[in-house]
Amino acid sequence: MSNIVASQIEIHHPYGGVVPEVASRQHVESINAAIAQALSQAQTDWDGIDGIAVTCAPGLVGSLLVGLTAAKTLAILYNKPLIGIHHLEGHIHASYLQNPDLTPPFLSLLVSGGHTSLIKVEGCGQYQTLGQTRDDAAGEAFDKVARLLDLGYPGGPAIDRIAKTGNPHAFLLPEGKISLPEGGFHPYDSSFSGLKTAVLRLVQTHQQQEIDLPVADLAASFQAIVAQALTRRTIDCALNYGLSTIAIGGGVAANSLLRSHLLRAAEKHHLQVLLPPLALCTDNAAMIACAGAEHLQRGHTSPLTLAALSRMPISQVMELYQQP
Ligand code: KG4
Ligand code: ZN
C-alpha cells in the first residue's frame, strides 16, 4: 500500500561506502518518520495493519537492531504478530510483487552489496542455494572498482552510467572461475576479488607510466565481464535444474547490461526472465512486507525474543518462526 525508502546514500557518500556506526545512528533518526509516512501514504492507521514484518538477518547488526526494536515495540503496543524476515527472502519477493502469478519452483539470481547467490525457490520458506560467491559480492566489486576509478559511491549506478560511453572489449579481465579439486570449474560459484585486483593493477600501471586512465573503457570492460559471468552461470543453472523461470533481485539486478544479457540469453534458451523495476531491486520495505504477508498467511510468526543475526543461510529461514 506504500513503500517508503529513507535512503542513506548521501550520508555515506563522502566515506565511499557504508560506515556501520553512522548507518545505525541514521536508522534511529529516520525510523519513526518513515513509519509515519508509510501509514499516511497508505491512508491507514494501525487498525488497518495485520502484522509487522522486519528484516532480522543477515546484515549489519547495529542497523538490524534498530528495525527489530521498533518492530517489537509496535507489535507489543498494537498487539500485532511479529514476522522476522531474512533479507534475501525479501529480495526474492520483489519478483512476486511484480508478478503476482509467479509460482515456485523457479531460480532466483540475487546480486546485491552483500550477496551473489543462485537460489532454487521451492516454496515459501523453502530455499536451496545452488551457487554463491567465494569472496566479494557482485555489488561490493562494483563499489570497490568504482572507488579505484574515482567514480564515487554507490559504485554500481556510476559504472553503469559511464560504461555506456566506453569500449567493453578494451581490456581483457578475468571472469573469476572457481577451480574444483577434482579438476574443472564450479559451474555456479563465483569470485570477484581477482577481477578487482586486475583493475587495481591496471590503475597502478597507468599511474606509474603517467598515462591518463581510460575510465570509461575500464568501467565498460569490468561491467561486461561481470554481466557475462553472471549470465552464463544463471542460464546453465536454470537449464541443468530444469527451471524455466529466472527471477532476479538485489541492487546489481538494476544493472542495464546484466538485464539485457540475461534477457537475450534466456530468449535463446526459451527461458522466462523476470526483471523487477529498479526501485524494487534495491533495498525497500515493500519486498519485506510481501515476504511477511506470505509467512503470516501460513501462520508463521516470530517470538518477541527474535535476535538480529549478521549471518544466516537462507536455507534456515524457517528457524525464525514458531510452530503454528
Ligand atoms: O540490494 P542493495 O540495495 O543493498 C544490499 O542489500 O546490499 O544493493 C546495493 C548494491 C550496491 O553495491 C550498488 O553499487 C549496487 O547494488 N547497484 C548496482 C546498480 N545499482 C545499484 N550495481 C550495478 N549496476 C547498477 N545499476
Ligand atoms: Zn539488499
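Visitor: Which protein atoms are the donors of the zinc ion, ligand 2?

Guide: This is a predicted model, in which local features need pLDDT of at least 70 and side-chain atom pairs count only at pLDDT 80 or more, while totals for chains, interfaces and linings use all residues. Residues are numbered from 1 along each chain as its sequence is written, chains are lettered from A and ligands numbered from 1 in the order in which they are written, and side-chain values use heavy atoms, with hydrogens and water left out. Donors are N, O and S atoms within 2.8 Å of the metal (3.2 Å for Na, K and Ca), and sites may look incomplete because water is not among the atoms. Lying 2.0 to 2.1 Å from the zinc ion, the protein donors are H87 (NE2), H91 (NE2) and D283 (OD).

Visitor: How many residues apart in sequence are the parts that H87 and D283 tie together?

Guide: Helices (H or I, at least four residues) and strands (E, at least two) are DSSP runs, numbered from the N terminus. The donor residues follow the spacing H-x3-H-x191-D. Because H87 lies in helix α4 (residues 87-98) and D283 in the loop between α10 (278-281) and α11 (285-297), the parts tied together by this pair are apart in sequence by 196 residues.

Visitor: Is H87 buried or exposed?

Guide: Buried means under 20% relative accessible area, exposed over 50%, and partly exposed in between, with a 1.4 Å probe and protein chains only. D283, at 47% relative accessibility, counts as partly exposed. H87 has 14% relative accessibility and therefore counts as buried.

Visitor: How much of the accessible area of ligand 1 does the protein cover?

Guide: Taking a polar contact as a pair of N or O atoms within 3.5 Å, an oxygen atom of ligand 1 is 2.7 Å from a side-chain N or O atom of D143, and an oxygen atom of ligand 1 is 2.9 Å from a polar backbone atom of G156. Of the 550 Å² of accessible area (Shrake-Rupley method, 1.4 Å probe) that ligand 1 has on its own, the protein covers 85%.

Conventions: A polar contact is a pair of N or O atoms within 3.5 Å; within protein, one must be able to donate a hydrogen and the other to accept it, and residues adjacent in sequence count only if both atoms are side-chain atoms.
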